[in-house]
Amino acid sequence: MIKVLSVGGSIVAPSEPDTAFLTAFCAMVRSWLKENDTRKLILVVGGGGPARIYQKAYRSVCSLSHAGERNRDIESYDNEQADWLGIMATRLNARLLKAVFSDLCPQDVVYNPSEPVEFKGRILVAAGWKPGFSTDTDAVYLAERFGAKTIVNLSNIEKVYTDDPAKNPEAKPLDSVSWSDFRKMVGDEWVPGKNTPFDPVASKRAESAGISVICAGGKDINNILAILNEEAFTGTLIG
């Protein structure tokens with residue numbers, strides 16, 4: 001039995017690695033795996049604070065360097081470079097999880113989920129692949145490859161809202177939402193650093209593959225455990 005967790009970088013490293021969270025998360029994962037020898041976990045890790053810090057710095061420098069210019073090629077180039085900075089941050093976070101779970105994760109961090117991947121241990125850790133989408137898309141690729149029908153997306157929000165609650169006080173939390181309605185909310189295009197409950201590119205692929213996504217708060221260890229055990233949980237089911 002393989003479960004896929006898309007672990008938001010914002011909970012692994014909001015500005016720097018959150019050692020208190022990682023300690024609790026590690027203990028929960030080890031305990032859950034120990035209960036049943038058939039259980040396996042795929043952990044796909046985001047970039048978090050370090051990604052945003054470097055992307056912001058790059059955009060600031062680029063903006064100053066090209067002040068007054070209106071060149072679409074420059075904009076496109078900026079997005080690709082910003083994406084690569086975010087990808088490298090995901091790889092650093094993934095390497096940290098790989099080290100934490102080294103005894104359960106004998107193989108290297110997966111960078112390209114489209115290539116054949118052999119699942120050797122109890123945990124498989126993956127990071128960013130290439131520009132054009134976030135690690136959510138990597139999670140969908142791996143879910144497809146290993147036959148997982150649900151991805152658990154852990155971030156700093158407990159539920160998907162009808163709108164951004166920080167901007168719209170009328171926004172309401174959702175217990176469930178169809179892919180069609182969710183994709184109307186997040187659109188179809190990916191922008192590096194874009195803050196959505198689930199990446200638009202990943203959403204399109206997940207819908208096509210018949211994969212559901214559970215969005216839940218990543219800091220609530222007991223709630224994550226409930227999701228893994230397929231019990232009642234706090235979060236939003238997409239699909």
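Which side chains meet in a salt bridge at 2.8 Å, N to O? The views below come from a predicted model, in which local features need pLDDT of at least 70 and side-chain atom pairs count only at pLDDT 80 or more, while totals for chains, interfaces and linings use all residues. Residues are numbered from 1 along each chain as its sequence is written, and side-chain values use heavy atoms, with hydrogens and water left out.

**View 1. A salt bridge joins Lys 3 and Glu 230.** The side chains of Lys 3 and Glu 230 meet at 2.8 Å, N to O, a salt bridge being a side-chain nitrogen of Lys or Arg within 4 Å of a carboxyl oxygen of Asp or Glu. This pair links distant parts of the chain, since Lys 3 lies in strand E1 and Glu 230 in the loop between H8 and strand E9 (236-238), 227 residues apart. Helices (H or I, at least four residues) and strands (E, at least two) are DSSP runs, numbered from the N terminus. A search of the whole structure finds eight salt bridges.

**View 2. The second largest pocket has a volume of about 190 Å³.** A pocket is an open set of points on a 1 Å grid over the protein atoms alone, where a 1.4 Å probe fits, with protein on both sides within 12 Å along at least five of seven lines, and lining residues have an atom within 4 Å of a point. The volume is the space filled by probe spheres set on the points. Of the 13 lining residues, Lys 3, Thr 150, Ile 214, Ile 227 and Glu 230 are the closest to the centre of this pocket. Strand E1 gives the largest share of the lining, three residues.

**View 3. Seven strands form an open sheet with mixed pairing.** The strands stand in the order E3-E2-E1-E4-E8-E9-E7, and two strands pair if DSSP finds at least two bridges between them. Strands E3 (123-126) and E7 (176-177) stand at the edges with a single partner strand each, so one side of each is left without a neighbour in the sheet. Strand E1 (residues 2-7) and strand E4 (residues 150-155) pair in the parallel sense over four bridges, and Val 4 has Ile 151 as its bridge partner in E4.

**View 4. Phe 146 lies in helix H5 (residues 135-146).** Leaving aside neighbours within four places in sequence, Phe 146 is in contact (heavy atoms within 4.5 Å) with Ile 2, Ile 42, Val 117, Phe 119 and Leu 124.
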